[in-house]
Amino acid sequence: MIASAVLASDVTVLGAGIAGLAMAVACAQRGRSVTVIEQAAALTDIGAGLQIAPNGGRVLAALGVTPRAIASRAVHVIDGVSGKSVIRMPLGPGFRLIHRADLISALADRAADVGVTLRLDTRVTDIADGGRALHLSEDTAMPTARLIGADGARGRARAFVEPDHRGAFTGQVAWRAIVPVDQWPAEAQIHTGNGRHLVCYPLRDGRALNIVAVEERTAWTEAGWSHTDDPAHLRAAFAGYATPIRRLLDRVETVHLWGLMDHGATPRWTRGACTLIGDAAHPTLPFLAQGANLALEDALTLAAMLDDPAGWEAARRPRVARALAVARSNARNYHLSGAKRILGHGALRTLNVIRPTAMLGRYDWLYNHDVTAG
Ligand SMILES: Cc1cc2nc3c(=O)[nH]c(=O)nc-3n(C[C@H](O)[C@H](O)[C@H](O)COP(=O)(O)OP(=O)(O)OC[C@H]3O[C@@H](n4cnc5c(N)ncnc54)[C@H](O)[C@@H]3O)c2cc1C
């Protein structure tokens, strides 16, 4: 039998990821009482690196959250096969390299400070009554006035709002790993070419290197972050890359593999009392490093418009759609082969000499956007 609990908070947030915790803090800062429901028993060391750009960093500052981070000095594109530099784009202030677990723990600490109730080890098994009732794993039903679905791309909330919306396999799989290093420049390196690419950057005290490596494949069924793989598969995929990358991959001991799905933005973000944010609203391919940044923006902007979710969605969608489209096209550019790769890299090298800041200037609309100003 399902027991019923009393209405505890103004807002219930489903999921204690970056989107959910940021939303909880932003709502609490506006005087709302907030409960966050999270299936994990503890917010432990899950995930790997994240790049926080100025657009996301402004939200963290507004929330009063200061995670441990490394300042990122540049984005450095390197020809994966020859190992030669293609373009090194210097970054201004506000670009940070952060371990996902450090960001989660800083957000959770801040949530506790502002009075958010966090219920760990509690899985939502169903959403009912137009988003006003949650069924929980411990056989209780929890009523809520407002539900924020921040439970990710494959969560219950997304299925509740848009049950028929499915993603399609992009033809790419990604490995992630962390390897110890002695020294590494404080920059994000993108080693590209020949149907694959590898992004790496240092984390924490600079003695750990975060690696995400992407390869094109014809078939894959699994999504999700936690499937382990044999590091030999990763090494084999990048066997044609230059020696420094091969040496780096020789040191990988544990690796996770997942299939990259392109869902596009979820067609609608609100049904009844439930509104989606973060990956639930717009699962984001990793090729623009904006998944966490967009989630932070969602949280702050929705908290300010909680009584007008339709207005929030109308204002928010164009920016999200643009970011998703750029992430998708970056994958194509990183994977060029043969003559296209040589020509593309040649053009970038010329640009590097004439105007090294021009490439990143194309993203001013993304990084300079300030959702805290409105
Ligand atoms: C395990 C994991 C590792 C990741 N690692 C990286 C990384 O290394 N690099 C990177 O760029 N991005 C990573 N991401 C993604 C990145 O964090 C997101 O793109 C971004 O932060 C926005 O995510 P989100 O908060 O919307 O959703 P998510 O990060 O997916 O968080 C959703 C939360 O909801 C919880 N949840 C889901 N279903 C239920 C349920 N039924 N009941 C209760 N709780 C539920 C999940 O446990 C999770 O904590 C990772 C995500 C996850 C879940």
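Helices (H or I, at least four residues) and strands (E, at least two) are DSSP runs, numbered from the N terminus. Strand E4 covers residues 49–52, and Ile-52 sits in this strand.

Some ground rules. This is a predicted model: local features need pLDDT of at least 70, side-chain atom pairs count only at pLDDT 80 or more, and totals for chains, interfaces and linings use all residues. Residues are numbered from 1 along each chain as its sequence is written, and side-chain values use heavy atoms, with hydrogens and water left out.

Back to Ile-52. Is Ile-52 buried or exposed? Buried, with a relative accessible area of 1%. Buried means under 20% relative accessible area, exposed over 50%, and partly exposed in between (1.4 Å probe, protein chains only). Contact means heavy atoms within 4.5 Å. Leaving aside neighbours within four places in sequence, Ile-52 has contacts including Leu-60, Phe-95, Ile-98, Leu-103 and Leu-296. Ala-112 is 60 residues from Ile-52 in sequence, and 22 Å from Ile-52 in space, C-alpha to C-alpha.

Next, the cores. A nonpolar core is a set of buried Ala, Val, Leu, Ile, Met, Phe, Trp, Tyr and Cys residues joined through side-chain atoms within 4.5 Å. The largest one has 96 residues, and Met-23, Leu-63 and Leu-107 touch the most other members. Helix H1 (residues 18–29) gives this core its largest share, 10 residues. Another core lies apart from it, with 20 residues, among them Val-181, Ile-211, Ala-213 and Ile-245. As for Leu-63, not counting residues up to four places away in sequence, Leu-63 touches Ala-22, Val-25, Ala-26, Gln-29, Leu-107, Arg-110 and Leu-300.

Now the ligand. Glu-38 places a polar side-chain atom 2.6 Å from a ligand oxygen. Gln-39 has a backbone N or O atom 3.1 Å from a ligand nitrogen. For Asp-279, a polar backbone atom is 2.8 Å from a ligand oxygen.

Last, His-263. This residue lies in the loop between strand E19 (255–262) and strand E20 (270–271). His-263 is buried, with a relative accessible area of 15%. Beyond four places in sequence, the contacts of His-263 include Ala-153, Arg-158, His-165 and Pro-283.

Technical notes: A polar contact is a pair of N or O atoms within 3.5 Å; within protein, one must be able to donate a hydrogen and the other to accept it, and residues adjacent in sequence count only if both atoms are side-chain atoms.
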